[in-house]
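Reader: I have a chain on screen and want to learn how to read it. Can we go through the features one by one?

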Amino acid sequence: MTFLLAAVFGLIIGAALGLLGAGGSILAIPALVYGVGLPLSAAIPTSLLVVAVSAAGGLVARWRSKVIRWPVALVFAAASVPAAFGGTALGKLLPDRWLLVAFAVLMAVVAIRMLTGTPERDGACRTGGGKVNWRSCLPKALGVGAVVGVLTGLFGVGGGFVIVPALTMLLGLTAPEAVATSLVVIVLTSLGGLGAHAAAVPNLNYGIALVFAGIALLASLLAGRLGNRLPARTVRRAFAYVVLTVATGVAAAAVFAPAALHGG
């Protein structure tokens, strides 16, 4: 029954990933905890595996497009991967119920950003010749990378909802460049976070994790094709309202029904 639930919720999360891209995996933790019945300690690394596999699938699709900016990706990853270990360590210090309350707040922030649709601006770090002024913007890039890493290790999210705006507004990458480059950072950071959590959860059920991740990947690839035919704004707004509703439920359940966090 657990594997069936993992497949069903993997299908749902994969469809969200395919339709939305950045932010689509935000429902993975609630699905794993309250849907599949995993304890939070196992749900976070399972979510990281789903994020890593899904991002890798998207990266393969963009490999030949030559829009990946490898130097930028490696700068972000240089900060985000070590920070993922820090986020993992921080998560161990927090009670599960308050960690989920904080995650619900993060979900609300992501949903609000989807609803407001912050417009892209020219990169603040671009020089007149179109290059990146690393001397002034390297600290900012490393800072954003560190924030992404902490969020990844702490909550099991990919952080694309932070990386993509940073790449466009800070470094001036085009939308295709930002999405493709962010996938590199997400894969590396998620694998780093997964390694940190796997060491702390040696009995992680990789069977459930692989079923969830595999179904999510297939669903994301199929939904990605369908997403091109649907109005992007309408899909994002509908998903944002779903995320806000789930965030409210997660916060309420974490506060009033903490026993559910230990799995069932």
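Reader: Which residue forms a salt bridge with Glu177?
Author: First, a caution: this is a predicted model. Now the general idea. A salt bridge here needs a side-chain nitrogen of Lys or Arg within 4 Å of a carboxyl oxygen of Asp or Glu. In this chain the partner of Glu177 is Arg69, and the closest N and O atoms are 2.5 Å apart.

Reader: Where do Arg69 and Glu177 sit in the chain?
Author: The pair links distant parts of the chain, 108 residues apart. Arg69 lies in the loop between helix H3 (40-62) and helix H4 (70-92). Glu177 belongs to helix H8 (residues 175-200).

Reader: Is Glu177 buried or exposed?
Author: Read the relative accessible area: under 20% is buried, over 50% is exposed, and partly exposed is in between. Glu177 has 12% relative accessibility, so it counts as buried. Arg69 has a relative accessible area of 31%, so it is partly exposed.

Reader: How many salt bridges does a search of the whole structure find?
Author: One.

Reader: What is the secondary structure of the chain?
Author: Count helices and strands, then read their order. This chain has 10 helices and zero strands. Along the sequence the pattern is α-α-α-α-α-α-α-α-α-α.

Reader: Which residues does UniProt list for "transmembrane region"?
Author: Treat such a record as an annotation, then check it against the model. The unreviewed UniProt entry lists residues 38-60, 72-91, 97-116, 141-167, 206-226 and 238-261. Take two of these spans. Residues 72-91 are 100% helix and 0% strand, with end C-alpha atoms 28 Å apart. Residues 97-116 are also 100% helix and 0% strand, and their end C-alpha atoms lie 29 Å apart.

Reader: What does Ser190 touch?
Author: Set aside residues up to four places away in sequence. Ser190 then touches Leu48, Val51, Ala52 and Thr152. Ser190 is in helix H8. Its relative accessible area is 0%, so Ser190 is buried.

Reader: Why is H7 described as largely enclosed by the rest of the structure?
Author: Count its buried residues. Eight of the 10 residues of H7 are buried, so the helix is largely enclosed by the rest of the structure. Among the buried residues of H7 are Gly160, Phe161, Pro165 and Thr168.

Reader: Where is Gly159 found?
Author: Gly159 is in the loop between helix H6 (134-155) and helix H7 (160-169). At 1% relative accessibility, Gly159 counts as buried. Gly159 and Val185 are 26 residues apart in sequence, but 9.0 Å apart in space, C-alpha to C-alpha.

Reader: What do the totals for the chain say?
Author: Buried residues make up 49% of the 264 residues. The chain exposes about 12,000 Å², and carbon and sulfur atoms supply 69% of that area. For contacts, take residues at least 6 apart in sequence: 84% of these contacts join residues at least 24 apart.

Terms used. Residues numbered from 1 in each chain as written. Predicted model: local features only at pLDDT ≥ 70, side-chain atom pairs only at ≥ 80, totals over all residues. Heavy atoms only, no water. UniProt positions renumbered as here; feature names shortened; annotations may be inferred. Helix = DSSP H or I, 4+ residues; strand = E, 2+ residues; numbered from the N terminus. Buried < 20%, exposed > 50% of the residue type's maximum accessible area, 1.4 Å probe, protein only. Contact = heavy atoms within 4.5 Å. Areas by Shrake-Rupley, 256 points an atom, 1.4 Å probe, with all protein chains shown as cover.
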